[in-house]
Amino acid sequence: MTNKLNKTFKLHAVKATRLDKEEKKLNKNYFYVTMASVKYNAKEKLSVVYEDHVYAGGAHGMDATKSYNYDLRTGKELKLSEYVKDDTQMEKVEKSISNSLLAMYNAGVSIFEENIYDFQLDQTSEFFLYDKGIVIRFHPYEVAPYAKGFVDIKVPFSKFIK
């Protein structure tokens with residue numbers, strides 16, 4: 001199983017290296033970088049998140065993220081649907097996210113007011129685990145300005161699983 005995980009992580013890094021070379025061929029000032037971090041490693045579960053940044057001119061670069069979540073007992077990649085199993089649970093997750101975004105907005109954090117209750121969330125959304133639930137990750141511009149970076153919203157299991 002360790003080999004499977006290492007292969008997945010290596011493929012991400014190799015792809016980033018290839019994309020960096022392609023960007024540099026276009027312009028010596030362009031680049032593509034990736035950074036991995038372990039967000040969760042407990043209870044036989046692992047969440048590793050890659051943050052990718054490409055600069056190809058303009059005012060700023062573009063950011064992307066990819067989460068890899070695994071059950072370390074089986075080696076199976078965990079999808080959001082294994083935690084948020086139906087529409088009722090998805091609605092509860094959405095409500096919890098909206099409550100968190102509203103609290104951030106009211107505290108003066110730069111959150112787009114129009115996206116507090118209107119954001120993209122489905123079974124393909126990026127997420128990772130934390131000790132009490134899941135974290136939904138929003139890309140720059142999804143719910144906040146670019147300068148805010150990725151916006152991570154914790155959703156405790158207790159908010160959507162009974």
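## A cluster of rings

Let's start with the aromatic side chains: ring pairs join Phe9, Tyr50, Tyr68 and Tyr70 into a cluster. Keep in mind as you look around that this is a predicted model. Across the whole structure, a search finds 11 aromatic pairs.

How are the rings of Tyr50 and Tyr68 arranged? Their centres are 5.7 Å apart and their planes meet at 85°, so this pair is edge-to-face. Tyr50 belongs to strand β2 (residues 45–55) and Tyr68 to strand β3 (residues 62–71), so the pair ties together parts that are 18 residues apart in sequence.

Are these two residues buried or exposed? Buried means under 20% relative accessible area. Tyr50 has 7% relative accessibility, so it counts as buried, and Tyr68, with a relative accessible area of 10%, is buried too.

## A sheet of three strands

Now turn to the open sheet, where three strands follow the order β4-β5-β6 with antiparallel pairing. The edges are taken by β4 (127–130) and β6 (151–156); each has a single partner strand, so one side of each is left without a neighbour in the sheet. From one strand to the next, the twist averages 30°.

Between β4 and strand β5 (residues 133–138) there are four bridges. Here Leu129 stands opposite Ile134 in β5.

## A helix across the sheet

Finally, find helix α2 (residues 87–106), which lies across β5 and β6 and runs at about 130° to β6.

Conventions
Residues are numbered from 1 along each chain as its sequence is written. This is a predicted model: local features need pLDDT of at least 70, side-chain atom pairs count only at pLDDT 80 or more; totals for chains, interfaces and linings use all residues. Side-chain values use heavy atoms; hydrogens and water are left out. Rings of Phe, Tyr and Trp (its six-membered ring) pair if their centres lie within 6.5 Å; planes under 30 degrees apart count as stacked, over 60 as edge-to-face and the rest as tilted. Helices (H or I, at least four residues) and strands (E, at least two) are DSSP runs, numbered from the N terminus. Buried means under 20% relative accessible area, exposed over 50%, partly exposed in between (1.4 Å probe, protein chains only). Two strands pair if DSSP finds at least two bridges between them. Axes are lines fitted to C-alpha atoms, for helices over the stretch in contact, and angles run from 0 to 180 degrees between N-to-C directions. Contact means heavy atoms within 4.5 Å.
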